[in-house]
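Here is a chain to go through by question and answer. Take a look at it before reading on.

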Amino acid sequence: MSGAALGLEIVLVFFLALFLLHRYGDFKKQHRLVIVATLLAWYLCFLIVFILPLDVSTTIYNRCKLAVNSSPAESNGSYVTLAPSKQKCFKPWSYIPNGIMPIFWRVVYWTSQFLTWILLPFMQSYARSGGFSITGKIKTALIENAIYYGSYLLIFGAFLIYVAVNPNFNLQWNQLQTIGIAAANTWGLFLLVLLLGYGLVEIPRSHWNGAKRGYLLMKTYFKAAKLMTEKADAEENLEDIMEEVRKVSESIKYNHPLRKCVDTILKKCPTEYQERMGRNMDDYEDFDERQNSYPSEKSLVKLHKQVIYSVQRHRRTQVQWQILLEQAFYLEDVAKNETSATRQFVHTFRSQEPENKIIQYFYTPTVEWYWECLLRPWFYRVLAVILATFSVIVVWSECTFFSTKPVLSLFAVFIQLAEKTYNYIYIEMACFLTIFFLSICVYSTVFRIRVFNYYYLASHHQTDAYSLLFSGMLFCRLTPPLCLNFLGLTHMDATISHRNTQPTAYTSIMGSMKVLTFIADGFYIYYPMLVVILCIATYFSLGTRCLNLLGFQQFMGDSEMTSDLIDEGKELIKREKRKRQRQEEGENRRREWKERYGNREDSTRNRVVHTDQKESSFSETNINRPLSKYTRSNGRTERDRIELLQDAEPLDFNADSINDDPLELDSGR
């Protein structure tokens, strides 16, 4: 089993990252480099989280083996008395041989840092660029990132000059590497605590509110009102951009040098707008640069960027509106079925997607009623209590993990108790649940937050390339400090536990933070205590109230604006529901008409077509007989007239309206 657990987790984590990326990204429409870069960033971050418990169990085994080998030398030099201790130090089932984990962590860590600080920012600018060629997009990306990269180089250069001039500092390459890692982890820890403080409260509360049917329905109405406003804004913005595209397309004709750029812009437009613009275009028309003013290539690049953004936003709002309608209809069905005496779940509308026969066989209407109306609320309440308990343990451990005598961090207590009995399965499960819960709190916040339309992760393949790359950057910056924080909570970090023991392979590549004592002994220990203040602020919804005061509508039960938006969303859902009902009634009537009169109409139509074919063939045979005779005679007379006109002398009337064609002359008479 040596190394088998590592290989198995590497494969499973890859498919997990691929599944999540498929849910949020669009493999068919987005660029392959964007998909590969985002997948690699997500995969490496998830891999660190899942592999770290194996590193902890392997480190505990190595410590035990080291203690067994060093104890006889300290006593009488005999190994006989340590036979019971040797029996305790058995290999864990997931043991990873020495030398593999340090190399593995170096490759994973430095690849993720290269992605987050160099490659992904460049690809973000490349993806948002409106250039028409690869060279143009690369040039735009380099210009946009010049300030970004230049600021880091300036800070690093100033630091190197200071170290070189000051004789008190004698830093080596390893120490400089440690300082760079500490700077990156400090930035990540600053953001980590903010996201963690929000997730520790919001995740249990969202599951508790998930058990309230009325709450979910009211929030769905609120979302519908906000989404309708955004949807109307996106449609209006798209109309304005398409009007600009139409003007540019009409001004730049087919033989203009910039026509290729216009064609590239037209390909990004929706199909109905392309057809509309194609009907209004002339076939060919010369242009004169002196008489007409044409847009420049820079303005076309800007227009291309606006078209990509507006089309993506319009498509996303349309898909989200349909999904929200389905959620609202389903929640209304749940509210109606709660009082059902038959205890069978009845849907107002049929599902638009084909249902799986296996799921349909087991998930019957009766089972669905018991789950949705009876069991699911209680399940969400129990889950919310469990998550709230984990949150309290995390907050307590974040405030007390620096205390080693006595050990106050509950996670460290659990790991040390398991370490005494060398129960590696318990150690790995405890480590996995701890770091998994921390990751859920942090990563779910990354998926939930929205910075206007600048950054937004939308499910059902509606996330744009810029947001996908930005999420990859955040994951790569948050995961290393998250793992260091986890090792500090469990006292597996020698800097926190102050024990002269073998460190984990992960902390060994980070280097000794004693180079920067004010960070190792100050910021890393006391800054996580800020999570208490953030949890209190999240519990009382201080951030939501501040955003509401600034004019950003947030869902608040005691707000008059929230009540107005709920009423507006309720009316919107009613209108869409009536529209859907009329459509289904029309389809049902057409289906019934076709089933009742379809065969009779088909037979009648076949008889009419057969009769028409007979009549048309009979009339053609009767008409063609005299026509052949008259056609031959008319052809002879026409040839005689042409010969007479050719023998006649030409007349010059000095008039342009005279037609020289003899056939047309005859027809004119």
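This is a predicted model: local features need pLDDT of at least 70, side-chain atom pairs count only at pLDDT 80 or more; totals for chains, interfaces and linings use all residues.

Residues are numbered from 1 along each chain as its sequence is written, and side-chain values use heavy atoms, with hydrogens and water left out.

Me: How many helices and strands does the protein chain have?
Reply: Helices (H or I, at least four residues) and strands (E, at least two) are DSSP runs, numbered from the N terminus. By that count the protein chain has 22 helices and 2 strands.

Me: What percentage of the residues in the protein chain is buried?
Reply: Buried means under 20% relative accessible area, exposed over 50%, and partly exposed in between (1.4 Å probe, protein chains only). The protein chain has 669 residues, and the buried share is 38%.

Me: Which residues have the most contacts inside the largest nonpolar core?
Reply: A nonpolar core is a set of buried Ala, Val, Leu, Ile, Met, Phe, Trp, Tyr and Cys residues joined through side-chain atoms within 4.5 Å. The largest one has 97 residues. Helix α2 (residues 32-74) gives the largest share of this core, 22 residues. The residues with the most contacts inside it are Trp42, Trp105, Leu200 and Tyr506.

Me: Which residues does tryptophan 42 touch, not counting residues up to four places away in sequence?
Reply: Contact means heavy atoms within 4.5 Å. On that basis tryptophan 42 touches Ala17, Leu20, Leu21, Phe447, Leu468, Ser471, Gly472 and Phe475.

Me: How far apart are the end C-alpha atoms of residues 177-201?
Reply: The unreviewed UniProt entry annotates several spans as "transmembrane region", including 177-201 and 425-446. UniProt positions are given in the numbering used here, feature names are shortened, and annotations may be inferred rather than shown by experiment. In the model, residues 425-446 are 100% helix, with end C-alpha atoms 31 Å apart. Residues 177-201 are also 100% helix, and their end C-alpha atoms are separated by 36 Å.

Me: How far apart are the C-alpha atoms of valine 395 and leucine 200?
Reply: Valine 395 sits in helix α12 (residues 365-400). Its relative accessible area is 19%, so valine 395 is buried. Valine 395 touches Leu200, Val532 and Cys535, leaving out residues up to four places away in sequence. Valine 395 and leucine 200 are 195 residues apart along the chain, yet their C-alpha atoms are separated by 8.4 Å.

Me: What distance separates the backbone oxygen of phenylalanine 401 from a polar atom of the side chain of histidine 491?
Reply: Histidine 491 lies in the loop between α15 (465-489) and α16 (494-497). Histidine 491 counts as buried because its relative accessibility is 2%. Its contacts beyond four places in sequence include Phe401, Ser403 and Arg499. The distance from the backbone oxygen of phenylalanine 401 to the side-chain polar atom is 2.7 Å.

Me: Is glutamine 462 buried or exposed?
Reply: Glutamine 462 is found in the loop between β2 (455-456) and α15. Leaving aside neighbours within four places in sequence, glutamine 462 is in contact with Tyr24, Gln312, Arg315, Arg316 and Val319. With a relative accessible area of 8%, glutamine 462 is therefore buried.

Me: How many disulfides does a search of the whole structure find?
Reply: A disulfide is a pair of cysteine sulfur atoms within 2.5 Å. Cysteine 261 counts as buried at 10% relative accessibility, and cysteine 269 is buried at 5%. For disulfides, the search of the whole structure gives 0.

Note on methods. A polar contact is a pair of N or O atoms within 3.5 Å; within protein, one must be able to donate a hydrogen and the other to accept it, and residues adjacent in sequence count only if both atoms are side-chain atoms.
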